[in-house]
Amino acid sequence: MTATAARASEPLLLTQKRIWIIFSALIAGMLLASLDQTIVSTAMPTIVGELGGVEHQTWITTAYLLATTIVMPIYGKFGDVLGRRNLFLFAIALFTAASVGCAFATDFWGFVIFRAIQGLGGGGLMILSQAIIADIVPANQRGKYLGPLGGIFGLSAVAGPLLGGFFVDHMTWQWAFYINIPIGIIAFLIAFFTLTLPSKKATKRIDIGGVVLLSIATTCLIFFTDFGGRDDYGWTDPMTLLFGAGMLAAAALFVMVENRVADPIIPMSLFKNPIFVNSTAIGFTLGMGMFAALAFVPTFLQMSTGTSAAVSGLLMLPMMVGMMGTSIYSGLAITKHGTYKKYPIMGAALVILAMLWMTTLSADTPVWVICAQLFVFGAGLGYIMQVVILVVQNSVPVDQIGTATSSNNYFREVGASLGVAIFGAMFTTRLSENLHEVFTAAGFDPAAAGEATATLQPSVMNDLPEPIRDGIVTAYADSLAPVFWYLIPFLVIALVLALFLKQIPLSDVAGMVARGEAVGGPEADRLESERLAAAKTASDPAEPAPAPDALDRPANDPGSPQPTPQSTRNNDAG
């Protein structure tokens with residue numbers, strides 16, 4: 001056997017240095033995916049105006065959301081079956097190439113297609129980042145890594161709109177996509193040279209039928225919620241009902257297929273695991289409430305302050321601070337104490353408290369009070385989002401980590417889609433009625449009032465007479481505050497589910513170590529020291545090899561190599 005072949009056959013050593021290098025690649029990939037969900041929001045009016053698609057602009061968001069949601073379970077399962085390294089590189093390359101396509105798009109529908117392709121890459125970046133962390137870090141140490149990954153979402157929620165607004169105001173909207181290119185190239189290079197995860201070969205037939213049916217069900221769901229929440233269709237429109245029926249039919253067929261195939265894309269056995277079901281249900285109900293609130297609070301801030309979307313994005317900064325703070329704190333605390341149950345409970349309680357506080361929103365509410373509400377809201381989210389992922393990963397066998405991670409994210413996105421559509425329809429219906437009354441009371445005839453309501457923009461607020469401006473802000477507050485009351489029951493369900501979440505020991509072995517694909521912990525550091533010493537001796541034969549006792553061992557290693565610790569994972573948890 002040649003030296004190269006011998007080296008290739010050696011197990012991967014998950015030293016602390018290697019873990020941090022891999023983690024930097026995951027951070028870059030997560031930043032790519034999360035930033036692009038928000039950076040387009042402030043640039044969208046300029047993009048659709050230049051490319052000629054104002055009446056179809058919702059497709060820019062829908063295409064990305066649809067593609068991202070569809071591929072989440074696919075990346076999760078394929079990562080478990082085929083290995084995650086090549087999939088992660090593919091997702092980065094696809095996302096970066098699609099960013100180039102978006103920047104150079106010359107027509108609206110071409111732009112939409114490239115946005116969908118971006119979503120195909122972005123969904124992989126989010127899922128694979130979380131799953132790779134589970135591969136290289138034991139569950140009892142994983143919190144301190146998942147916390148910063150969760151904080152990236154909070155950072156992107158504020159940085160995205162600010163960057164998008166800056167590019168539109170001072171450069172061109174294309175820079176919202178140019179910025180992805182250097183980040184994507186750097187992330188790809190770091191991942192290519194450091195992400196030395198093993199590739200695998202599928203031993204069973206890939207569940208193509210499940211992939212197709214899940215894609216159809218997800219597509220029907222997105223369009224069902226999209227059409228149902230629109231004024232020109234609504235929930236009783238035949239087209240909306242057709243998409244709803246298609247969703248139910250595809251979902252039923254999907255369950256039938258998954259119960260019959262040898263290697264399902266979402267194993268039904270996961271739903272026999274009470275910890276997985278409980279955690280996923282928390283994500284679903286939280287998604288309904290969280291994303292619905294996040295979707296409309298920035299709009300209210302723009303109208304009430306009369307500032308641009310980019311500037312009003314600064315008002316979301318307290319939410320980001322709260323989310324990042326509790327996300328990182330809970331991750332470190334879980335690593336230190338080894339328990340996780342109290343954090344989703346605390347998080348759900350804080351989110352409910354923030355939502356109750358937001359029901360008091362009025363035209364006279366000071367901006368600092370809204371910022372305080374958002375801080376509490378973000379702090380609650382930070383206690384839940386990444387902790388739930390950790391709980392799910394710790395509750396399943398190591399060969400299902402990617403599948404369980406992606407399934408949890410998938411159902412959270414499904415909840416978000418339903419929440420934004422259902423509660424968004426409530427908000428916009430009430431808002432249209434209230435604004436129409438404001439303009440009618442100001443002397444507009446019904447037709448002119450309808451036109452003014454349909455074309456109202458934050459940029460014209462400062463040009464309106466003070467009575468109309470105050471009436472508009474009041475209309476927004478009176479339309480938004482009652483919606484929070486409808487969100488609270490779902491958040492209470494999340495709190496009850498968190499109270500019944502089962503606490504089990506956190507595994508002390510990384511996924512790759514448990515599968516025999518790597519060596520971790522002190523043993524990895526010891527073997528790495530031996531390798532370095534052997535390489536130094538080989539390059540300088542005149543220098544005698546170091547004695548065994550001189551090797552760089554951990555302080556608690558008295559001499560002989562210690563056996564790799566066995567997993568404490570309870571694969572039959574619950």
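Student: Why is Phe 192 called partly exposed?

Tutor: Buried means under 20% relative accessible area, exposed over 50%, and partly exposed in between (1.4 Å probe, protein chains only). Phe 192 has a relative accessible area of 39%, so Phe 192 is partly exposed. The model is predicted: local features need pLDDT of at least 70, side-chain atom pairs count only at pLDDT 80 or more, and totals for chains, interfaces and linings use all residues. Residues are numbered from 1 along each chain as its sequence is written, and side-chain values use heavy atoms, with hydrogens and water left out.

Student: Which nonpolar residues form a patch on the surface?

Tutor: Ile 185, Leu 189, Phe 192 and Phe 193 form it, with about 420 Å² of accessible area together. Patches are made of residues with over 30% relative accessible area and no salt bridge; like charges are joined within 9 Å, and nonpolar side chains (Val, Leu, Ile, Met, Phe, Trp, Tyr) within 5 Å. Accessible areas come from the Shrake-Rupley method with a 1.4 Å probe, and for residues only the protein chains shown count as cover.

Student: Why does Gln 130 count as buried?

Tutor: Gln 130 has 2% relative accessibility and therefore counts as buried.

Student: What makes the pairing of the side chains of Gln 130 and Asn 409 a polar contact?

Tutor: A polar contact is a pair of N or O atoms within 3.5 Å; within protein, one must be able to donate a hydrogen and the other to accept it, and residues adjacent in sequence count only if both atoms are side-chain atoms. The two side chains make such a contact at 2.8 Å.

Student: What makes the pair of Asp 135 and Arg 84 a salt bridge?

Tutor: A salt bridge is a side-chain nitrogen of Lys or Arg within 4 Å of a carboxyl oxygen of Asp or Glu. For Asp 135 and Arg 84, the closest N and O atoms are 2.6 Å apart. The pair links distant parts of the chain, 51 residues apart: Asp 135 is in helix H5, and Arg 84 is in the loop between helix H3 (58-82) and helix H4 (85-103). Helices (H or I, at least four residues) and strands (E, at least two) are DSSP runs, numbered from the N terminus.

Student: How many salt bridges are counted by this rule?

Tutor: The count comes to two. Arg 412 also forms a salt bridge with Glu 413, the closest N and O atoms being 3.6 Å apart.

Student: Why do Arg 412 and Glu 413 count as buried?

Tutor: Arg 412 counts as buried because its relative accessibility is 8%, and Glu 413 because its relative accessibility is 9%.
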